[in-house]
Each structure stands twice: as C-alpha cells, then as structure tokens.
Amino acid sequence: MLGLLPPLNDKNLPWLDVIHPIVVHFVIAMALISVVFDLIGVVTGRRNLFEVSFWNLLVATVAIFVAIIFGQIEAGLASPYGAARDILNIHSTIGWSLAGVLGLLTGWRFVVRQKDPNRLPGGFLAVDSLLAALVVVQVYLGDKLVWIYGLHTVPVVEAARSGVLS
C-alpha cells in the first residue's frame, strides 16, 4: 500500500502538509454549531434553526468520513512514541465512534424532519449533548498529539528517523 504513495517529505507525509486537521475543523465546527442551534431553537422557539442544524449535521457526517480517511493514512505514517501511541489509539477509536454517532444522529434527524420539521425529541437532544462532549474530548486529544507530542512536525520526524524516539 505504501508503495502507491509518492515519496515522503520532511513531515513524513506524501503530500505537502497534514490534511486531517483541515478537514476535521469542518467536522468540529459543523457538529458543534448543529448542537448549539438545536439548543437555541428549543429554548427560543425559533424552529427555523432546526433546518440549519440539520444541514450542518449532514455536512459534518460527510466530512468526518473524509477526515477519518486522511486521519488513518496520516496516523499510519506518523511515528507515535511513548504516551503518544496510546493517545493516538484512543483518538482513532473516538473518531470512528464519532462517525457512528454522527451517522446515527443524521439518520434519526432525517426521519424526525420528515415527520415534523419543527419538533425535536428530548432523546435526540440528549444524544446531541453526547456528540458535543465527544467532539470536545476528541479535540483535546488531537491537540495533545500535535502540540505536545508534535506528530508530523519536522523535529519529531527527524528524531524518529534517526532512532532517538522509540
């Protein structure tokens, strides 16, 4: 599989820079704004926000699968060391779980929207809150991988290539 990719650069990537965080920011923004619009819509009675929320949820669901594809490729090319290895595994597991939660919520929302676009079940809001909590945890773990452990940064890649990191 790796033979199909172009040569790796100084960040240990076959492309110019990491793509996963770029796509993930769409997921983060759209998933969280979807939850916020749902809550504002319920509290204020502005039901037109439910429509905006649905479309944000739908785009977040599509984007998370693109993010997972690049995330899995880039994780496979990273040189996780020490605790970064465990965090990367948890981050990957939560990422796949988020894809499941987003897919479930989007399907559920689609069905609810077909029946009555101006109503949200209480259980949906509970799962919506779970989605927001998972996104926040995922952001924390992803930030740790980049800003503390420096995965796909030039110094860490050079250290891994020279055998300093294990």
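A cavity is a set of grid points where a 1.4 Å probe fits but cannot get out, whereas a pocket is an open set of such points. With that in mind, a search of the whole structure, which is a predicted model, finds one cavity of 30 Å³ or more.

**Empty space**

Rolling a probe the size of a water molecule over the atoms shows where empty space is left. The largest cavity holds about 40 Å³ of space, and its lining is made up of Phe 50, Glu 51, Arg 109, Val 112, Arg 113, Asp 116, Pro 117, Arg 119 and Leu 120. By type, this lining divides into four nonpolar residues, no polar ones and five charged ones. Both α2 and α3 supply at least two residues of the cavity lining, and α3, with three residues, gives the most.

The largest pocket has a volume of about 750 Å³. Its lining consists of 36 residues, and those that lie nearest its centre are His 20, Pro 21, Val 24, His 91 and Gly 142. At least two lining residues come from each of the helices α1 (20-44), α2 (48-77), α3 (83-115) and α4 (122-148). The pocket lining divides into 21 nonpolar, 11 polar and four charged residues.

**The nonpolar core**

The largest nonpolar core has 34 residues, and within it Ile 64, Leu 98, Leu 102 and Leu 131 touch the most other members. Two or more residues of this core come from each of α1, α2, α3 and α4, and α3 gives the most, with nine residues.

**Aromatic pairs**

A pair of aromatic rings is described by the distance of the centres and the angle of the planes. The structure holds five aromatic pairs, and two of them are set out here.

| Pair | Centre to centre | Angle between planes | Kind |
|---|---|---|---|
| Phe 54 and Trp 55 | 5.2 Å | 75 degrees | edge-to-face |
| Trp 108 and Phe 124 | 5.3 Å | 75 degrees | edge-to-face |

Trp 108 counts as partly exposed because its relative accessibility is 30%, a value between the limits of 20% and 50%. Phe 124, with a relative accessible area of 0%, is buried.

In the other pair of the table, Phe 54 is buried, with a relative accessible area of 3%, while Trp 55 is partly exposed, with a relative accessible area of 43%. Phe 54 and Trp 55 also belong, together with Phe 110, to one aromatic cluster.

Is Leu 13 buried or exposed? Leu 13 is placed in the segment before α1, and its relative accessible area is 0%, so Leu 13 is buried. Leaving aside neighbours within four places in sequence, Leu 13 is in contact with Pro 7, Leu 8, Val 18, Glu 74, Leu 77 and His 152. The C-alpha atoms of Leu 13 and Ile 73 are separated by 9.1 Å, although these two residues are 60 residues apart along the chain.

Conventions: Residues are numbered from 1 along each chain as its sequence is written. This is a predicted model: local features need pLDDT of at least 70, side-chain atom pairs count only at pLDDT 80 or more; totals for chains, interfaces and linings use all residues. Side-chain values use heavy atoms; hydrogens and water are left out. On a 1 Å grid over the protein atoms alone, a cavity is a set of points where a 1.4 Å probe fits but cannot get out, and a pocket is an open set with protein on both sides within 12 Å along at least five of seven lines; lining residues have an atom within 4 Å of a point. Grid points are joined across faces, edges and corners, and a volume is the space filled by probe spheres set on the points. Helices (H or I, at least four residues) and strands (E, at least two) are DSSP runs, numbered from the N terminus. Ala, Val, Leu, Ile, Met, Phe, Trp, Tyr, Cys and Pro count as nonpolar, Asp, Glu, Lys and Arg as charged, and the others, Gly among them, as polar. A nonpolar core is a set of buried Ala, Val, Leu, Ile, Met, Phe, Trp, Tyr and Cys residues joined through side-chain atoms within 4.5 Å. Buried means under 20% relative accessible area, exposed over 50%, partly exposed in between (1.4 Å probe, protein chains only). Rings of Phe, Tyr and Trp (its six-membered ring) pair if their centres lie within 6.5 Å; planes under 30 degrees apart count as stacked, over 60 as edge-to-face and the rest as tilted. Contact means heavy atoms within 4.5 Å.
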